[in-house]
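Me: Can we go through the strands in this one? Please start with the terms.

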Amino acid sequence: MSNRIATGLIDMGLKPGEYVGICFPNSIQWLVFYFGILKAGAVAVTYANALSKEELVFLVNHSKPKFIFTTEEKSHFLNEIKESVGLQKIICDKGELNFNDLIEKGKPSFKAIDRDRTDVAAILYTGGTTGVPKGVMLTHKNINTSAYNVSHNERSTENDRAICFLPLNHVFGQMHIMNATIYSAGCLEMLQGFDLDKILYYASCGRITKLFAVPTVYTRLLNLDGLKEKLGSIRYCFSAAANLPLEIVKQWKETTGLTIYEGYGMTETASAVTFNHYYRHVIGSIGTAVPGVEVQIRDLNGNLLPPYKEGEICIKGHNVMKGYLNNPEATKETFWDDGWLRSGDVGYSDENGYIYIVDRLKDMIITGGENVYPKEVEEAIYQRQEVQECAVIGLPDKEWGEKVVAVIVPKSGHNISPDEFKAFLKTKIAPYKVPKQYIVLKELPKSAAGKILKRELKKIILEKNS
């Protein structure tokens with residue numbers, strides 16, 4: 001099927017190195033299109049299916065793909081901007097030019113077009129500290145390095161069946177789960193989103209051997225009676241996207257007899273940077289550097305720090321991105337002059353090279369495994385006429401890890417209705433970015449220069465809630 005997509009796209013005029021977008025739910029069609037694009041020598045630009053119209057239009061305008069594969073629903077507004085962004089063809093699940101037509105017209109046999117290992121293979125979007133989405137350019141070498149490291153460290157085999165309910169545009173879903181599973185000749189059970197009933201059904205009947213999830217899912221599962229039996233043939237559990245509380249790891253081990261493994265990765269590193277091993281697994285650590293990758297802890301001047309000294313986690317290796325698409329300034333800011341990537345995360349190492357995360361330099365909020373960038377949410381909130389000032393922060397939450405909270409200073413004579421705000425924001429941003437709580441204050445704490453002090457704001461709110 002991927003051969004048919006590759007030859008179909010080439011027949012439509014696709015050239016090596018050109019961009020093809022995918023904005024579609026998790027499905028066999030997503031995988032077929034992704035590998036068809038790569039076989040054709042082109043670049044897969046993957047967008048979240050949950051994006052609002054405004055968000056998708058912005059990203060399509062930024063990356064300017066030649067073709068895009070999407071749903072019929074999204075094709076209507078993409079047709080409106082086709083000419084302005086140079087979008088030549090929109091392929092849908094149904095309609096005038098659809099997936100099945102391309103499959104029928106394509107050829108079943110095709111030798112993949114050779115590309116250099118340093119050529120870009122995929123572009124994944126991440127928000128960064130400013131909230132402005134950035135296109136991370138990952139090369140064939142980046143992707144192959146991470147696919148090998150994940151499958152090697154997890155001891156994956158052709159008998160493994162991994163479940164993937166995280167979106168395939170996300171680095172964890174695309175690189176860590178999808179590519180690594182296929183690399184090791186395993187099988188994928190794909191869901192379009194988190195569905196507890198389906199996960200438990202597949203697990204209990206022995207269809208899953210590997211469970212990939214985020215902390216909030218493990219927390220939910222621990223509330224179930226008879227959990228060990230419900231997990232069926234699962235042999236391996238991995239948690240990503242946010243730090244998993246030590247207590248949850250211990251409870252999971254006591255309840256199921258299974259260890260929840262953790263590692264560390266970023267979109268900019270095609271996922272895997274460190275892995276916490278089968279042998280000498282250290283609870284609370286994100287493990288040691290994977291093969292072909294080096295990790296250092298540096299101070300803010302770029303100086304190497306000794307063990308147990310906190311500093312910024314910096315990375316160098318075959319997994320590190322080529323740079324940000326059309327954003328040389330951000331690329332330069334993300335690397336030290338000697339080529340080491342700055343993660344923006346604070347951590348330290350022990351004398352054996354195990355890394356521990358302490359905090360994030362960035363304001364990014366991780367809720368239920370999804371990344372939320374405050375500025376993007378704040379800009380949407382500011383579109384409401386009732387708002388004088390606002391700040392979006394993440395507060396601890398037992399279920400979500402962090403919940404998105406909007407702190408608003410209303411204009412004089414105006415009231416804030418949380419229900420109205422939620423309904424409004426759902427038309428502007430993806431559902432997981434919409435704040436779960438709205439707090440009204442008369443003023444926000446600020447520095448002498450007038451900058452809102454978010455750390456102080458968090459402290460004030462947490463003290464009020466305690």
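Reply: Two strands count as paired if DSSP finds at least two bridges between them. Helices (H or I, at least four residues) and strands (E, at least two) are DSSP runs, numbered from the N terminus. This is a predicted model, where local features need pLDDT of at least 70, side-chain atom pairs count only at pLDDT 80 or more, and totals for chains, interfaces and linings use all residues. Residues are numbered from 1 along each chain as its sequence is written, and side-chain values use heavy atoms, with hydrogens and water left out.

Me: Ok. In what sense do strand 1 and strand 2 pair?

Reply: Parallel, over 4 bridges, with strand 1 covering residues 19–23. Gly21 sits opposite Val45 of strand 2.

Me: And which helix goes with strand 1 and strand 2 in the β-α-β unit?

Reply: Helix 2 (residues 28–39), and the unit is right-handed. That means that, with the strands pointing away from the viewer, the path from the first strand over the helix to the second runs clockwise.

Me: How many bridges join strand 2 to strand 5?

Reply: 3, and these strands run parallel. Ala44 is opposite Ala122 of strand 5.

Me: Which way do the residues of strand 2 point, and are they buried or exposed?

Reply: Val43 and Val45 point one way, Ala44 and Thr46 the other, and all are buried (under 20% relative accessible area; exposed is over 50%, partly exposed in between; 1.4 Å probe, protein chains only).

Me: Different topic. What is the strand order in the open sheet of 7 strands?

Reply: 8-7-9-10-11-12-13, with mixed pairing. Strand 8 (187–190) and strand 13 (288–289) are the edges, each pairing on one side only.
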